[in-house]
Amino acid sequence: MDISYILNEYAEDRENYYRAVSPPIVQTSNFAFEKVDDLRKSFEDEYSTWLYSRGLNPTVEILRKKLAALDAAEDCLVFNSGAAAIFAAVLANVKSGDHIVSVKGVYTWARKMFEKILPRFSVTHTYIDGTDIENFRNAIQPNTAIFYLESPNSWTFELQDMKAVAELAKQHQIITICDNSFCTPIYQRPIEMGIDMVLQSATKYISGHSDTVAGVLTGSKAMMEKIFNSEYLNIGSGIQPFNAWLLIRGLRTLPARLERITRTTGEVIDYLKKQELVEEVIFPFDESFPQYQLAKTQMSGACGLLTFAIKADNIDAIEKFCNSLRHILMAVSWGGHESLIIPGCAGIKREAFISNSREHRMLRLYVGLEDADYLISDLEQAFKSMKSLS
Ligand SMILES: *Cc1c(COP(=O)(O)O)cnc(C)c1O
């Protein structure tokens with residue numbers, strides 16, 4: 001399906017609502033029935049009727065169909081956060097005694113689920129370096145149920161060869177789940193490479209305006225129905241109509257925003273690479289990236305997030321750089337209109353800083369929709385403040 005068609009028309013039933021271009025927000029908790037038998041049918045098969053908005057809702061339905069089509073998936077569920085999508089996808093596919101192989105460096109709340117919640121139910125995990133398919137093969141146990149991927153991850157951008165991982169998983173009846181938040185389906189479609197389920201934080205690029213928290217999960221109709229009838233309805237973390245409507249609005253401009261951000265990211269990277277205080281820039285579409293070839297093969301684009309290591313022999317210099325920024329905001333998240341930075345050293349105690357740790361000197365930058373020159377001059381003055389300190 002053509003992406004422009006998906007974003008502008010597909011799944012929109014305009015004849016049903018006054019031919020309004022923008023769909024209505026069906027802000028209702030419940031739906032009424034005329035006959036007992038209709039209500040009975042709905043109880044028997046909630047997944048194909050309007051019953052209650054913890055389950056299905058017409059505004060959410062438009063969004064689900066568009067997001068499934070973008071991922072070339074049969075079906076989709078949308079959650080009230082990316083973390084909820086992760087939780088439901090994993091929980092639905094493990095039982096006590098199972099084992100999960102996860103790539104290391106995955107999103108914080110995926111990690112916390114593996115480390116803190118699942119062990120309470122005797123579900124174990126192994127973290128591997130996902131850049132080598134042999135590590136997946138070697139980590140498989142008789143009880144391995146899931147390969148959990150994130151390609152690229154959102155700090156250092158390591159990739160997994162998805163076709164190879166999917167093939168190996170199929171040989172062992174292992175379910176593959178990939179977090180595709182970095183690329184979105186505009187730049188990468190894991191299902192077309194054989195991955196079973198794809199998730200993304202819609203808080204990031206799909207929303208695009210830093211005003212909604214949401215998560216997307218796509219996969220086969222059978223799998224989505226199974227999750228709907230258990231985790232989705234039971235945890236009650238489905239997206240609500242107004243937030244779904246905001247995401248439909250976000251989708252309209254998704255390719256335009258990514259295109260713009262891609263261009264600006266390129267200019268910011270060119271600038272950073274010329275700075276004497278920058279030791280290294282990490283970005284999957286940069287030729288220096290160790291998996292550059294694989295990135296070019298399985299992704300059609302990359303933008304927004306990049307990490308650079310700053311040369312500094314003390315933490316004060318890095319803090320001075322960050323505190324001096326006037327326009328680039330210091331905040332978590334990304335994918336919105338505004339550029340953001342997070343220094344790795346914010347995640348450690350000041351006393352723990354080691355200047356020869358590259359990780360401690362890393363800064364993750366998200367490039368938003370501002371002009372490149374505007375961002376570069378902000379970085380420039382922050383480098384100057386940092387230099388004035390030494
Ligand atoms: C933000 C994020 C998530 C979690 O999404 P929320 O919407 O914040 O719950 C998952 N994976 C990645 C890579 C993320 O950046």
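Start by selecting the five strands: 5 strands form an open sheet in the order E8-E9-E12-E11-E10, with mixed pairing. Strands (E, at least two residues) and helices (H or I, at least four residues) are DSSP runs, numbered from the N terminus, and two strands pair if DSSP finds at least two bridges between them. Strand E8 (278-282) and strand E10 (329-330) stand at the edges with a single partner strand each, so one side of each is left without a neighbour in the sheet.

Before moving on, note that this is a predicted model, where local features need pLDDT of at least 70, side-chain atom pairs count only at pLDDT 80 or more, and totals for chains, interfaces and linings use all residues. Residues are numbered from 1 along each chain as its sequence is written, and side-chain values use heavy atoms, leaving out hydrogens and water.

Next, select strand E11 (residues 340-343) and strand E12 (residues 362-366), which pair in the antiparallel sense over 4 bridges. Click on Pro343: its bridge partner in E12 is Leu363.

**The ligand**

Which polar backbone atom is 2.8 Å from an oxygen atom of the ligand? That atom belongs to Ala83. For Gly82, a polar backbone atom is 2.9 Å from an oxygen atom of the ligand. Select Trp334 too: an N or O atom in its side chain is 3.3 Å from a ligand oxygen atom. The protein covers 90% of the 370 Å² of accessible area that the ligand has on its own (Shrake-Rupley method, 1.4 Å probe).

**Two loops**

Where is Pro152? Look in the loop between strand E4 (144-150) and helix H7 (162-171). The peptide bond from Ser151 to Pro152 is cis, with omega near -10 degrees.

For the last stop, select Arg19, in the loop between helix H1 (3-8) and helix H2 (36-44). Phi of Arg19 is near 55 degrees, a positive value in a residue other than glycine.

Terms used:
A polar contact is a pair of N or O atoms within 3.5 Å; within protein, one must be able to donate a hydrogen and the other to accept it, and residues adjacent in sequence count only if both atoms are side-chain atoms.
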